[in-house]
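Hello,

Here is the structure I said I would pass on. Please open it first, then read my notes below.

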Amino acid sequence: MKKLIALLLAFMIVLTACGSSADTAGGYTMAEVTLLEENIPDDNYGNYYEIFVYSFCDSDGDGIGDFNGVTSKLDYIRDLGYTGIWFMPITEGYSYHKYDVTDYYAVDSQFGTMEDFENLVSEAHARGIKIIIDLVVNHTSSEHPWFKSAIQSAWDGDTSGEYYDYYNFSDTALDGYSYYDGIYYEARFTYSMPDLNLDSENVRAEIENIIEFWIGKGVDGFRLDACTSFYTGDYTKSAEFCAWLTDVAQEYNPDAFVVGEVWESDSIVKTYYENAPETSFFAFSVSQQEGYINMTFSNAYPANYFWTYANTVYKTANSGESIAAPFLDNHDTGRIAGSVGRDENKVKFAYGMLSLLNGTTFTYYGDEIGMVGSGDDPNKRIAMLWDNSGENLTDNPPGTTSASYAFDGVEEQYADETSILNYYKRCNNIRNAFPEIARGEMKMTYYSDMDVLIFSKTWEDSTITIVVNFSTEEKTVEMDLGELQAELAVEGNATYENGVLTLPMYAFAVFK
């Protein structure tokens, strides 16, 4: 007889409490949580965790997060079900955020040594965690030796200078150019970040060397910053450059995973996929306060609304041939906990919805405990709250004007089975147990209640059925399971009796 496994996630405020066990992971007392056996194919689908090293974990007491601090938290990250880490820039940079690179071949000394980083990568791999790093090649810092040499050549009128063609110069004012002592140079973001000339064979050779260097250090891929600015106004040419970068990375590591930042509409993101199908691109339409997930809470027909954008994410990524990259927020956006009004139910269900989408999901550090942050960029990158005492906080980034926490820290949430953290853990566990969720071809089953969605996902001749209750009220769903039996791993009052599935508010079930 076939078995039906039903995994129901409900997150009502009042839940039946479960006792705690003595098991530990990463130094934290674990709540007693029933988890499924993982079934993770060897591919580039996964659950990634974005880390700003500066604010994550300080191992040496100087107030600044570092590589050894991250290494000490790898068990924590893997225990939550994350199979990859994306590091914001770790190379030498002039500013605190490091997006203005001054040396592509060195780690920033604030974070530790290259040996520390190599050890981090090795320890991550030992736990089944892949590592990708930010690759910032649209621009450098104006303090980079390349630019200092290039602009000196421009002042001297020496167009044959070694680094002159690394940048774009002009004698007259042009759109997107900055002025410095008689010379205009392209700088689309700010005067202190001059754009590289990506048509230069020398620049492309340098980028290839950079990619080879970091893959040699063990990284598994790259996040491409500012993909729409590679060739400003020309999405096709920018996408082709993404394809070239990915091809280069996969020459040195055939399994390299590359994901690009295209902060544009789904139609433009589709252009990138069409021209760079081996590259993943972030699904910005899913994220933030105005994104599909948050807007589902206020939609009159949430089931159809969710289905529409779930299909959009799937089809934008070349109907499943490419890997989509949906997320709720990142270092450039307001955090999801603030977007949903610090409502714990919505914080959880937002991640529940994300976890049902195709592709590789990305989670910004601290979202798993409901951290908040908006406004100036440093406010979005505040210290990770490891416990309520605040004794283990790093310093906040320079320029932070607001730093507050809406919910308990990691230690306290680990001990609470009903916490946001343990909900994130369950969602990731379900994705890791059912590969069909991230990879499957989707089909909806009509159901009359607009608050209930029933759909299937099929991958490699295996099909799962997902039922979602988008309502704040309990729902009953008529389902004929025939000879199938139901095993319910539940947080709330979910039952299946006489062909009727009862789902609590904001709950989903996965059947196989």
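These notes cover strand pairing, aromatic rings, charges over rings, and cysteines. Please keep in mind that this is a predicted model.

Start at strand 11, residues 183-186. Strand 9, residues 169-170, runs antiparallel to strand 11, and two bridges join them. Within this pairing, phenylalanine 169 faces tyrosine 185 of strand 11. Strand 10 covers residues 177-180 and is also antiparallel to strand 11, through four bridges. Here tyrosine 177 stands opposite glutamate 186. Strands 10 and 11 make a hairpin, with two residues between them. Look at aspartate 181 in that turn: its phi is positive, about 50°.

As background, strands of a sheet pair through backbone hydrogen bonds, in either a parallel or an antiparallel way.

Strand 23 spans residues 500-503 and pairs with strand 22 over three bridges. Glutamate 497 is set opposite valine 500 of strand 23.

**Aromatic rings**

How many aromatic pairs does the structure hold? The count is 51. Two of these pairs are worth a look.

Take phenylalanine 213 and tryptophan 214. Their ring centres are 5.1 Å apart, and their planes meet at 90°. That angle is over 60 degrees, so the pair is edge-to-face. Are these two residues buried or exposed? Phenylalanine 213 is partly exposed, at 24% relative accessibility. Tryptophan 214 is buried, at 1%.

Next come phenylalanine 284 and phenylalanine 327. The centres of their rings lie 5.0 Å apart. Their planes stand at 85°, so this pair is edge-to-face. Where do the two residues lie? Phenylalanine 284 is in the loop between strand 14 (280-283) and helix 9 (292-296). Phenylalanine 327 is in the loop between strand 15 (325-326) and helix 11 (336-339). The pair therefore ties together parts that are 43 residues apart in sequence. Phenylalanine 284 and phenylalanine 327 are both buried.

These two phenylalanines also belong to a cluster linked by ring pairs. Its members are Tyr48, Trp86, Phe257, Trp263, Phe282, Phe284, Phe327 and Phe362.

**Charges over rings**

I have two cases for you. Lysine 98 has its charged end over the ring of phenylalanine 111, 5.7 Å from the ring centre. Arginine 439 places its charged end over the ring of tryptophan 459, at 5.5 Å from the centre.

**Cysteines**

A disulfide is a covalent bond between the sulfur atoms of two cysteines. How many disulfides are there here? The count is zero. Cysteine 242 is buried, at 0% relative accessibility. Cysteine 57 is buried as well, with a relative accessible area of 9%.

Best wishes

Conventions
Residues numbered from 1 in each chain as written. Predicted model: local features only at pLDDT ≥ 70, side-chain atom pairs only at ≥ 80, totals over all residues. Heavy atoms only, no water. Pairing = 2+ DSSP bridges. Phe/Tyr/Trp six-rings, centres within 6.5 Å; stacked < 30°, edge-to-face > 60°. Buried < 20%, exposed > 50% of the residue type's maximum accessible area, 1.4 Å probe, protein only. Lys NZ or Arg CZ within 6 Å of the ring centre and 35° of its normal. Disulfide = S-S within 2.5 Å.
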